[in-house]
Amino acid sequence: MGEDGGAAEAAEPSTPAPATSAAECSSEVAPTTTSKYTTAGNSSSNDGTVLPSADGAPVAVPGSCMKRRPSAKDIHQAEHAGSATPPEFRRKVSFSADHPMTHRYPPAPSEGQAAHAEAIAAIQRLRAKRARADEPSMAGRLFRWLRALLRIVALWHVFAVVVILLSPRELQGLLVYLNFLRTPLFMDFEQPESVGLMGARHFYLHAADGVRLGGWHVLPSDAAASLLATERPAGGADQAQWHRQFDELLTADGDRVLLYLHGNAASRAIEHRVNLYKLFAGYFNTHVISIDYRGFGDSDGWPDEDGVARDARAAWDWLTVERGIPRERIFVYGHSLGGAISARLVQELSLEGAAPAGLVLEATFFNLAHAAIHHPVTFVLRVLPFMATVLQQSLVERFPSNERIVDITCPVMIMHGTADNVIIHDQGEQLFAALQQDGRNADVSFVSFDGASHNSIHRHPEVFRVLSDFFAKYDVHQSKRLF
């Protein structure tokens, strides 16, 4: 187009031309008049665009046959063609009947629609009001919580009773002995010095039924000082000579001997038990013999009540029969479950007229049923009074220390910590009361250690004085002490 055509385009827009017919589309002569609000098409192409004018009517674009749908770019250019674009054009865009694409404001709701919306809103308000009315008060919520708690307790009781009554002997044994808890891990029991016991040896003994048991012999501090001056042999004949030296020290001097029987779980190498060996060997200048029951540590077999009793008796015979130690030199010390095992051993020895010099019971129980009913894990069982009877009748392992301890003829001292939450303090008091009521043994005492827990009595500051007085009173050999 020439300069005249350009001047015509710059002039004021004329009245929009009507839509071009198909015949006109085929013509080579294009219209000379266009709308200011239209977008020029390609004059060399038969493909054009029809856009609305300012009054909303469709406008023909040169070279357009009204066959192409307007693109987003066309609409964008039309909406932003200039500041002179009417606002109503920006708000509402209508296309021809051939291209019915419409962007409009949503129509105003009719009276029926408004009434329907108001009814829905009223229903929602009514539901919200009812929900607030049904919301429980603080007392109501507390009642619901208590009801849920009682259901849980009831289900726990049913589960506990079923487990206790129907569990086989092996399962009860796992719960009582906990011998599957192997700590410390990867322990070499043939090297007691690995846990700080320098003057100690490892040995094996056999129970009456042939089960092999592992044990340690810890020398008193005086004897250990002379033995440790020589290097420990690696094995062979020198190792046999090493054991003979231990036997000579055990049988030659007059130092007391402590047969220690530990509680459930772990082994003789656990920390609080090792600390107790050091206490007796160092402060009380005592030989300490500690064994692991069958199924514990490096011992063979599987634990049960009669089996662990045979193990304790095997340790006693290892001292008195095989080593010839006088029973008057031996004190039996039992901790927790080991207290019940010690009570049975000393009862049998007392009935045979061969009781030891004394018996020390630390943090032990009245009997196993009482210990189970008062254990922290079974605290909910105390709600039902008949659970103690159920336990007593269903437990395969019983350990009735209260029945056995009355037959003991040697001096007995019971020690218990007031902060013991595994075997509560009352258990020790009840065991002491059973001894007092029987009256056959006058040499009984009960010592409470304020603030001591189940495994911490050996760290209490009063334990040195208490044990020293007990040994001094009943040790006929008057063993040496370091204090």
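1. Two strands count as paired here if DSSP finds at least two bridges between them. Helices (H or I, at least four residues) and strands (E, at least two) are DSSP runs, numbered from the N terminus.

2. A word on what you're looking at. This is a predicted model, in which local features need pLDDT of at least 70 and side-chain atom pairs count only at pLDDT 80 or more, while totals for chains, interfaces and linings use all residues. Residues are numbered from 1 along each chain as its sequence is written, and side-chain values use heavy atoms, with hydrogens and water left out.

3. Now the overall picture. The protein has 17 helices and twelve strands. Of its 483 residues, 44% are buried, where buried means under 20% relative accessible area, exposed means over 50%, and partly exposed is in between (1.4 Å probe, protein chains only). The accessible surface comes to about 25,400 Å², and carbon and sulfur atoms account for 57% of that; the areas come from the Shrake-Rupley method with a 1.4 Å probe, and for residues only the protein chains shown count as cover. Take the contacts between residues at least 6 apart in sequence: 70% of them join residues at least 24 apart. A contact means heavy atoms within 4.5 Å.

4. Back to the sheet. S7 and S9 belong to an open sheet of eight strands, in the order S5-S6-S8-S7-S9-S10-S11-S12, with mixed pairing. From one strand to the next, the twist averages 20°.

5. Have a look at the S5 end. S5 and S6 pair in the antiparallel sense over seven bridges, and Phe203 has Gly215 in S6 as its bridge partner. The two strands form a hairpin with five residues between them, and Gly210 in the turn has a positive phi of about 90°.

6. Val412 has Val444 in S12 as its bridge partner. The chain gets from S11 to S12 through H16, in a right-handed β-α-β crossover. Right-handed means that, with the strands pointing away from the viewer, the path from the first strand over the helix to the second runs clockwise.

7. Gln427 is found in that helix, H16 (residues 425-438). Is Gln427 buried or exposed? At 1% relative accessibility, Gln427 counts as buried. Leaving out residues up to four places away in sequence, Gln427 touches Thr364, Phe365, Phe366, Asn367, His370, Ala371 and His374.

8. H11 (residues 305-322) lies across S5, S6 (212-218), S7, S8 (287-291) and S9, running at about 115° to S5. H12 (residues 337-351) lies across S7, S9 and S10 (358-362), at about 145° to S9. Axes are lines fitted to C-alpha atoms, for helices over the stretch in contact, and angles run from 0 to 180 degrees between N-to-C directions.

9. Which residues have the most contacts inside the largest nonpolar core? They are Leu261, Phe399 and Val412, in a core of 55 residues. H11 gives the largest share of this core, seven residues. A second, separate core of 33 residues includes Ala200, Leu258, Phe449 and Phe470. A nonpolar core is a set of buried Ala, Val, Leu, Ile, Met, Phe, Trp, Tyr and Cys residues joined through side-chain atoms within 4.5 Å. Not counting residues up to four places away in sequence, Phe399 touches, among others, Tyr177, Val308, Ile341 and Arg404.

10. Most residues other than glycine have a negative phi, and most peptide bonds are trans. The bond from Thr183 to Pro184 is cis, with omega near -5°, and Pro184 is in the loop between H7 (169-177) and S5. Leu178 is in the loop between H7 and S5 and has a positive phi of about 50°. Ala266, in the loop between S7 and H10 (271-283), has a positive phi of about 60°. Leu178 is partly exposed at 24% relative accessibility, whereas Ala266 is buried at 3%.
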